[in-house]
Amino acid sequence: MAWRDWVRTVEIEPSLYAADFASLGEQIVHLLNAGARVFHFDIGDGHFVPPVTVGPVVLRSIAPMIHDRGGVVDCHLMVDDPVHHFAELAESGADSVTFHVETVDDPAAVIAAARGLGLGAGVAFNPGTDVAQAAAAAEGADLALCMSIEPGYSGQEFMDGALERIAELAGLVGDGCYVQVDGGVNQENVRSVYDAGARLLVAGSAIFGREDLPRAYRRLVQALA
Ligand code: DX5
Ligand code: ZN
């Protein structure tokens with residue numbers, strides 16, 4: 001299946017990095033019941049970003065329960081050598097891999113490597129990276145991820161200037177490429193992020209920071225209705 005088959009026009013993607021890992025499976029079930037189908041899975045290597053986050057071992061535990069309900073796992077690789085991880089992630093149940101343009105010399109070859117393993121492919125870029133350069137690198141990718149924070153941690157504030165960067169990106173990428181936004185998306189700004197052209201909206205603390213996860217997820221979806 002390709003991204004265009006998974007995505008229902010617009011998706012709020014719970015970022016599992018912000019979950020309570022003592023009850024990860026339960027929290028995923030609650031969000032599946034609330035209608036979430038695209039789950040964002042953040043892999044940090046302690047080098048490209050300071051923290052080591054989660055990886056294939058956790059992915060293997062959760063991917064089957066997401067797939068059983070028709071969902072997908074969208075992996076965000078905040079790592080220096082993304083291709084090195086692709087095969088293990090594919091075997092562990094990843095549906096797509098998004099790598100950072102700052103980490104590779106030949107983005108087209110990296111996209112091809114992902115596709116060769118049956119994975120969707122995305123290109124992410126940091127707030128300090130030129131949008132036009134990132135859009136060019138995302139040629140042929142399923143998604144282009146505009147970071148609205150410095151990557152590494154959940155719970156940061158949506159950065160000034162991110163809406164303009166999203167709109168610029170949306171004007172540059174082709175029809176087959178979704179604009180994704182990650183970092184500081186919340187109830188207050190989700191509509192403007194959508195209006196700027198994003199269709200895949202990642203939300204970590206805006207969902208997992210709340211007591212009632214299904215309600216927090218649904219409120220974000222309703223803000224786009
Ligand atoms: C951090 C990750 C994000 C993070 C988002 O760099 O890429 O996906 O979990 O969390 P919030 O939505 O709280 O900024
Ligand atoms: Zn992320």
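Colleague: Which residues does Asp-80 touch, not counting residues up to four places away in sequence?

Modeller: This is a predicted model, and Asp-80 sits in the loop between strand E3 (72–78) and helix H4 (83–92). Contact means heavy atoms within 4.5 Å. With residues up to four places away in sequence left out, Asp-80 touches Asp-45, His-47, Phe-48 and Thr-103.

Colleague: Is Asp-80 buried, partly exposed or exposed?

Modeller: Buried means under 20% relative accessible area and exposed means over 50%, with partly exposed in between. Asp-80 has a relative accessible area of 32%, so the residue counts as partly exposed.

Colleague: How far apart in space are Asp-80 and Pro-151, C-alpha to C-alpha?

Modeller: In sequence, Asp-80 and Pro-151 are 71 residues apart. In space, from C-alpha to C-alpha, the distance between Asp-80 and Pro-151 is 13 Å.

Colleague: Is Thr-98 buried or exposed?

Modeller: Thr-98 belongs to strand E4 (residues 96–100). Among the residues that Thr-98 touches are Asp-74, Cys-75, Val-123 and Leu-145. The limit for buried is under 20% relative accessible area. Thr-98 has 1%, so this residue is buried.

Colleague: How many salt bridges does the count come to?

Modeller: Side chains of opposite charge can pair when their charged atoms come close. The rule asks for a side-chain nitrogen of Lys or Arg within 4 Å of a carboxyl oxygen of Asp or Glu. Asp-142 pairs with Arg-115 at 3.0 Å, and Arg-191 pairs with Asp-195 at 3.3 Å. The count of salt bridges comes to two.

Colleague: How many residues apart in sequence are the parts that Asp-142 and Arg-115 tie together?

Modeller: The salt bridge joins Asp-142 to Arg-115. Asp-142 lies in the loop between helix H6 (131–137) and strand E6 (143–147), while Arg-115 lies in helix H5 (residues 107–116), so the pair ties together parts whose separation in sequence is 27 residues.

Colleague: Which helix holds both Arg-191 and Asp-195?

Modeller: Arg-191 is partly exposed at 32% relative accessible area, whereas Asp-195 counts as exposed at 52%. The two residues are four apart, about one turn of the helix. Both Arg-191 and Asp-195 lie in helix H8 (residues 190–195).

Colleague: Which residues form the positive surface patch?

Modeller: A patch takes residues with over 30% relative accessible area and no salt bridge. Arg-218, in helix H10 (residues 213–222), has a relative accessible area of 39%. The positive surface patch is formed by Arg-210, Arg-215, Arg-218 and Arg-219.

Methods:
Residues numbered from 1 in each chain as written. Chains lettered and ligands numbered in written order. Predicted model: local features only at pLDDT ≥ 70, side-chain atom pairs only at ≥ 80, totals over all residues. Heavy atoms only, no water. Patch = residues over 30% accessible without salt bridge, like charges linked within 9 Å, V, L, I, M, F, W, Y side chains within 5 Å. Areas by Shrake-Rupley, 256 points an atom, 1.4 Å probe, with all protein chains shown as cover. Lys, Arg positive; Asp, Glu negative; His and termini not counted. Charge placed at Lys NZ, Arg CZ, Asp CG, Glu CD. Buried < 20%, exposed > 50% of the residue type's maximum accessible area, 1.4 Å probe, protein only.
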